[in-house]
Amino acid sequence: MALSPRGTLNLETLDGSDPDSALPLDGEQWPPPCEILLDPEVEHSPDVILVGSSELSSPPSPGPRRDLIAYEVKVNQRDIEDVCICCGSLQVHTQHPLFEGGMCAPCKDKFLECLFLYDDDGYQSYCSICCAGETLLICENPDCTRCYCFECVDTLVGPGTSEKVHAMSNWVCFLCLPFPRSGLLQRRRKWRSGLKAFYDREAESPLEMYKTVPVWKREPIRVLSLFGNIKKELMSLGFLEDGSKLGRLKHLDDVTNVVRRDVDEWGPFDLTYGSTPALGHTCDHPPGWYVYQFHRILQYARPKPGSPQPFFWMFVDNLVLTEEDLDVATRFLETDPVTIQDVRGRTVQNAVHVWSNIPAVKSRHSALVSQEELFLLAQDRQRMKPPDQGPATLVKNCFLPLREYFKYFSTELTSSL
């Protein structure tokens, strides 16, 4: 198994028994002597890890803080909810939303910042447990985007487990396995609801966090694209298919005469996108017009209050809004903008301001360039030809977290980016 594997796996225990029955009873030795069930002789047999580790049969000597997690739980009989499973701290602030265990305040902040960050290959950038990690194991379930670092796997499942997983031809992760427990790592029941509750409770942003959607319930995305057409970007990410009904997009350049009844007839929509014109292009309206019109149409497109339907929106300014316009957009859209930049070497080629409720957009904020430098960049761009990258191209990867909510139809994102 490579560190960036691809593939499909339908995982079951080899003997068809209840995986939970392999867990130790009170008074039994823990971990059990057998640390991995694997039958390489059976054709098409899946790779299964039910990991305990004989290396932990005797209490380990105190070591680095994370190494003490197993010691605290197995020897000191400390409830794992009272230990941060991300770093081993005993100063627990809250509970981990995906797996049983605690979480300290610094790890909570890191988790909120990084969980929905994605790389260009469509997989999450950081470990789903600690939201860190240098070497990651990627789940081979094609509908999953999650990764796990070697250290978390070895600490919580069993020493050496990461190398065993790395050597496998197929592996699916701890949130996709049919059984809930591997070593000390046990996923929470109804973790999708728990993740939403975690964000609602712990995040500073006032924007609502929607519950992620199980794969079998995900529907094709319906998009309303204002002033800028993002069909190409969404197709390259696998959210739309050309010439099919698998996802649809409605594009409008001018919404002056659009009323609520029109949006109701075209919709419903799952994503509403809008942008100011790219620098160097002729504007038919003052820059602030695009803010007001996007906000107006956004109110028409939103689901009814209290609806659990995931609904996302994004407005992108291609550095044409005045300082007063920026303040108006922030007040109307009820969130602060972030700056996303195209940096090549030490030179900023292009930049945009973004307001959105898509998870982790705020995590993509870059502070490499000051507002004064952005102003000078905008002036330079206005004197030159339009940039190679328009606003939609710069924010394309910000749409990747939508894979947690809607169907996508491309499994090889790297070939289209």
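Tutor: Let's start with a term: buried means under 20% relative accessible area, exposed over 50%, and partly exposed in between, using a 1.4 Å probe and protein chains only. This is a predicted model, where local features need pLDDT of at least 70, side-chain atom pairs count only at pLDDT 80 or more, and totals for chains, interfaces and linings use all residues. Residues are numbered from 1 along each chain as its sequence is written, and side-chain values use heavy atoms, leaving out hydrogens and water.

Student: Why is Phe-227 called buried?

Tutor: Phe-227 has 13% relative accessibility, so it counts as buried. Phe-227 also has a positive phi of about 70°, although it is not a glycine.

Student: How do you know that the span of helix H8 agrees with its number of residues?

Tutor: Helices are DSSP runs (H or I, at least four residues), numbered from the N terminus. The expected span is 1.5 Å times one less than the number of residues. Helix H8 (residues 287-301) has 15 residues, so it should span 21 Å; its end C-alpha atoms are 22 Å apart, which agrees.

Student: What makes Lys-396 buried?

Tutor: Lys-396 has a relative accessible area of 15%, so it is buried.

Notes
Helix = DSSP H or I, 4+ residues; strand = E, 2+ residues; numbered from the N terminus.
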